[in-house]
Amino acid sequence: WNEKMNLTAITDEPSVYLKHFYDSISASFFEDFSDSYSVCDVGAGAGFPSIPLKICFPNLKVTIVDSLNKRIQFLTHLSKELELTNVHFVHARAEEFGQNSAYREKYDIVTARAVARLSVLAELCIPLVKIGGRFIAMKASSASDELKDAKKALQLLGSDKSAEYTFLLPIENSERTLYVFSKIKS
């Protein structure tokens, strides 16, 4: 699939495990995924972080959104092969998806990893979060600069930063930051 579709530039097995799978589940080291939460992964690409999280937490109800239909087709095939249940796929641009009343304020947790700057992610993701729910932004370098740039958008969208976790990815020691925003108003 990767040869046909260019899902990821990272292809050697140790790096795939570390930079995709381990990195994808890192949010669960800090935040609770143990309940039957509804989770939306915006801009899922090759299924990160949603597929590894679903494997680790089969109780999750996952919606995966991506703008490329061939990636959605790949992820649909992958979930069937892995016999994953309660996984739904939506071929849509994130900008349009968030405007659809069927999805707006419907999710307990919304995730995004390697999609866009935080100021843009806030506009794409926070409208999808239920009041009382969480938006978890998974960021690499320059996270603090992105947070400063996104401050106004985050406030306008009714969210409040409830947690920040910084850690190093094992072996290569690259920095990761997870920002957790609680949705406090519509």
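Is cysteine 40 buried or exposed? At 0% relative accessibility, cysteine 40 counts as buried (buried means under 20% relative accessible area, exposed over 50%, and partly exposed in between, using a 1.4 Å probe and protein chains only). This is a predicted model, in which local features need pLDDT of at least 70, side-chain atom pairs count only at pLDDT 80 or more, and totals for chains, interfaces and linings use all residues. Residues are numbered from 1 along each chain as its sequence is written, and side-chain values use heavy atoms, with hydrogens and water left out.

**Cysteines**

- The count of disulfides (pairs of cysteine sulfur atoms within 2.5 Å) comes to zero.
- For cysteine 40, the closest cysteine sulfur belongs to cysteine 125 and is 7.4 Å away, too far for a bond.

**Nonpolar cores**

- A nonpolar core is a set of buried Ala, Val, Leu, Ile, Met, Phe, Trp, Tyr and Cys residues joined through side-chain atoms within 4.5 Å.
- The largest such core has 27 residues, and those touching the most other members are Cys40, Phe97, Val110, Leu118, Cys125, Phe135 and Phe181.
- At least two residues of this core come from each of E1, helix H5 (94-97), strand E4 (107-113), helix H6 (118-125), strand E5 (129-139), helix H7 (143-156) and strand E7 (175-183); helices (H or I, at least four residues) and strands (E, at least two) are DSSP runs, numbered from the N terminus.
- A second, separate core has 25 residues, including Leu75, Val87, Leu169 and Leu178.
- Setting aside neighbours within four places in sequence, phenylalanine 135 is in contact (heavy atoms within 4.5 Å) with residues including Val110, Leu118, Cys125 and Phe181.

**Threonine 63**

- Threonine 63 sits in strand E2 (residues 61-66) and is buried, with a relative accessible area of 8%.
- Its side chain joins that of tyrosine 107 through a polar contact of 3.4 Å. Such a contact is a pair of N or O atoms within 3.5 Å; within protein, one must be able to donate a hydrogen and the other to accept it, and residues adjacent in sequence count only if both atoms are side-chain atoms.
- Beyond its neighbours within four places in sequence, threonine 63 has contacts that include Cys40, Phe97 and Tyr107.

**Aromatic rings**

- The whole structure holds eight aromatic pairs. Rings of Phe, Tyr and Trp (its six-membered ring) pair if their centres lie within 6.5 Å, with planes under 30 degrees apart counted as stacked, over 60 as edge-to-face and the rest as tilted.
- Phenylalanine 30 and tyrosine 165 are stacked because their ring centres are 4.6 Å apart and their planes lie at 20°.
- This pair links distant parts of the chain, 135 residues apart: phenylalanine 30 is in the loop between helix H2 (13-25) and strand E1 (38-42), and tyrosine 165 is in strand E6 (residues 159-168).
- Ring pairs link Phe30, Tyr165 and Phe167 into a cluster, and phenylalanine 30 itself is partly exposed at 33% relative accessible area.

**Backbone features**

- The peptide bond from phenylalanine 48 to proline 49 is cis, with omega near 10°; proline 49 lies in the loop between E1 and helix H3 (50-56).
- Glutamate 83 is not a glycine, yet has a positive phi of about 55°. Glutamate 83 is in the loop between helix H4 (69-81) and strand E3 (87-91) and is exposed, at 69% relative accessible area.
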